[in-house]
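Please open the model in your viewer and keep the selection tool ready, as each stop on this tour begins with something to select.

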Amino acid sequence: MSAFTKSLKELRVHFCQTSPASNGLRQFVASNYTAVKAANPNLPILIREAKGAEAKIFARFEHGQEKKIVLDGLSAQEVEQKLATLVK
C-alpha cells in the first residue's frame, strides 16, 4: 500500500471478530495494517471490533467530509481495492 491523499484525516475500521461476513476485512487488517501505517505514519487508524458489527470503513477528510464503504462478504483483495478507491 502506498501513502493516502493528504486530505485524509482519519480512517476508522469496524468489523465483527467472529462473523464470516467480516472475514475479508479481518484478513486485510491482519496482513496490511503494518504496511498501511508505515506509509501513513501521521494518519490515525482506528480499529473497532464489536460482536455483530457490519464490516465497514469510514474515511474522514478535510472540512469534516466523511465517506463510508460497507465490506461485508468481501475478500481481503476486494477490501484493498475498495479502500484504494475510497481514499483517492
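The model is a predicted one, in which local features need pLDDT of at least 70 and side-chain atom pairs count only at pLDDT 80 or more, while totals for chains, interfaces and linings use all residues. Residues are numbered from 1 along each chain as its sequence is written, and side-chain values use heavy atoms, with hydrogens and water left out.

Select helix α1 (residues 23-39) together with helix α2 (residues 76-86), which pack at an angle of about 75 degrees with their axes 7 Å apart; helices here are DSSP runs of H or I with at least four residues, and strands are runs of E with at least two. Axes are lines fitted to C-alpha atoms, for helices over the stretch in contact, and angles run from 0 to 180 degrees between N-to-C directions. The angle makes α1 roughly perpendicular to α2, a term for 65 to 115 degrees. Now show Gly 24, Leu 25, Gln 27 and Phe 28 of α1 with Ala 76, Val 79, Glu 80 and Leu 83 of α2, which make the contact (heavy atoms within 4.5 Å).

Next, select Leu 8, which touches Leu 43, Ala 59, Arg 60, Phe 61 and Val 87, leaving aside residues up to four places away in sequence.

Finally, go to His 63 in the loop between β3 and β4 (66-70), where this residue has a positive phi of about 60 degrees although it is not a glycine. His 63 is exposed, with a relative accessible area of 84% (exposed means over 50%, with a 1.4 Å probe and protein chains only).

Note on methods
Parallel < 35°, antiparallel > 145°, perpendicular 65-115°, else oblique. Buried < 20%, exposed > 50% of the residue type's maximum accessible area, 1.4 Å probe, protein only.
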